[in-house]
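Here's a walk through the model on screen.

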There are 2 protein chains.
Amino acid sequence: MNIENAQVQMRKGILEFCILHIISRGEVYASDMLDELTSAQIMVVEGTLYPLLTRLKNSGWLDYKWVESSSGPPRKYYVLTNEGKVFLDAMQATWFELAQSVQTIIHRTEELSNTDSTILPDPN
Amino acid sequence: MNIENAQVQMRKGILEFCILHIISRGEVYASDMLDELTSAQIMVVEGTLYPLLTRLKNSGWLDYKWVESSSGPPRKYYVLTNEGKVFLDAMQATWFELAQSVQTIIHRTEELSNTDSTILPDPN
DNA sequence: ACATGGTACCTTGCATCACAAAGTACCTGT
DNA sequence: ACAGGTACTTTGTGATGCAAGGTACCATGT
């Protein structure tokens, strides 16, 4: 196990949430999503994105339509289904809960390390 | 794919980070960790925790010693190695970057949905 | 001595999923 | 035709959360 791998693990699941968020804004196709994720510093490659979109579609949270492009092959433009909107809301709640839990853990560690390593004189 | 599964996915990787954090505070054994995680609303079961501790140990980030208990079988008390401290710092940086990225995504969605669905009259 | 219950740690098997790499298909310009 | 760019797909691998079941140690009551 190395740091890169651990970082990948940490991003799992978050990716799904971010992609649903991006699609919730309106019709987009895969390259749009890659651009948006990249600009938010979330690096994703095609081999990750396409299977993920297929899974989300098969779960009933996304739908898509083919749209002709004026400069290349046709594109799949994705939209959220009503079920997908419900799912996104649930994911967002989970995200906030998770971030809160992590914040709790970090905060407790900081409290304890301040107690342990303080250079200030003992109040007594 | 269902919501429970997606929530599990979202927690992957975070767990590792939280466990390292807890161990960084001082010597603890598995039940201590489970209590701490539970109180931070992060539900973990033994079947997840023990293999994870073994992996972290094999990666050189943790060390442990057996300690006799006055009320049951001996316990493995874990501590962070120096390498583990470096790794924890890297994980914490990754966490903050990731949280920032997600915040960026959420914020952009909110901006766009305000623009799209505003009931206010057009400023023009 | 023995049985019982509680605590603590470990192992097996399964399903999921990110990723790399290679492939297929469409369109435009020359 | 052919080359180059864009877009979507497929296959195989490795990692890992989890459920379920197992092993082992200890104290207590009889």
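## Chain A on its own

Take the contacts in chain A between residues at least 6 apart in sequence: 43% of them join residues at least 24 apart. Two residues are in contact here if their C-beta atoms, placed from the backbone, lie within 7 Å. Everything below comes from a predicted model, in which local features need pLDDT of at least 70, side-chain atom pairs count only at pLDDT 80 or more, and totals for chains, interfaces and linings use all residues. Residues are numbered from 1 along each chain as its sequence is written, while chains are lettered from A and ligands numbered from 1 in the order in which they are written.

Chain A has five helices and two strands, running α-α-α-α-β-β-α along the sequence. Helices (H or I, at least four residues) and strands (E, at least two) are DSSP runs, numbered from the N terminus. Of its 124 residues, 23% count as buried. Buried means that 20 or more other C-beta atoms lie within 10 Å of the residue's own, exposed means 12 or fewer, and partly exposed is in between, with C-beta atoms placed from the backbone.

## How the two chains meet

On the chain B side, 37 residues are in contact with 37 residues of chain A. Helices H1 (3-11), H2 (14-24) and H5 (82-117) of chain B each put at least two residues into that side, and H5(B) gives the most, with 15. By class, the chain B side splits into 20 nonpolar, 11 polar and six charged residues. For that count, Ala, Val, Leu, Ile, Met, Phe, Trp, Tyr, Cys and Pro are nonpolar, Asp, Glu, Lys and Arg are charged, and the others, Gly among them, are polar.

Now for the symmetry. Rotate chain B by 180° with 0.0 Å of shift along the axis and it superposes on chain A, RMSD 0.0 Å; that is the relation of a two-fold axis. Lys12(B) has the C-alpha nearest the axis in chain B, at 3.3 Å. The surface is shared too: 100% of the contact residues of chain B recur in chain A. Superposition is by least squares on the C-alpha atoms of residues with pLDDT of at least 70 in both copies.

## The core and H2

The largest nonpolar core has 47 residues, and Cys18(A), Ile23(A) and Cys18(B) touch the most other members. Such a core is a set of buried Ala, Val, Leu, Ile, Met, Phe, Trp, Tyr and Cys residues joined through C-beta atoms within 7 Å. H1, H2, E2 and H5 of both chain A and chain B give two or more residues to it. Leaving aside residues up to four places away in sequence, Ile23(A) touches Val28(A), Leu62(A), Tyr78(A), Val79(A) and Leu80(A).

H2(B) is largely enclosed by the rest of the structure, since nine of its 11 residues are buried. Among them are Phe17(B), Cys18(B) and Ile19(B). Just after H2(B), Gly26(B) takes a positive phi of about 150°.

## Around the DNA

DNA strand D has 31 residues around it, the closest being Ala30(A), Tyr50(A), Arg75(A), Gly47(B) and Thr48(B). A residue counts as near if its C-beta atom, placed from the backbone, lies within 6 Å. H4(B) supplies the largest share, six residues.

Around DNA strand C there are 30 residues, and Gly47(A), Thr48(A), Ala30(B), Arg75(B) and Lys76(B) come nearest. Here H4(A) gives the most, with five.
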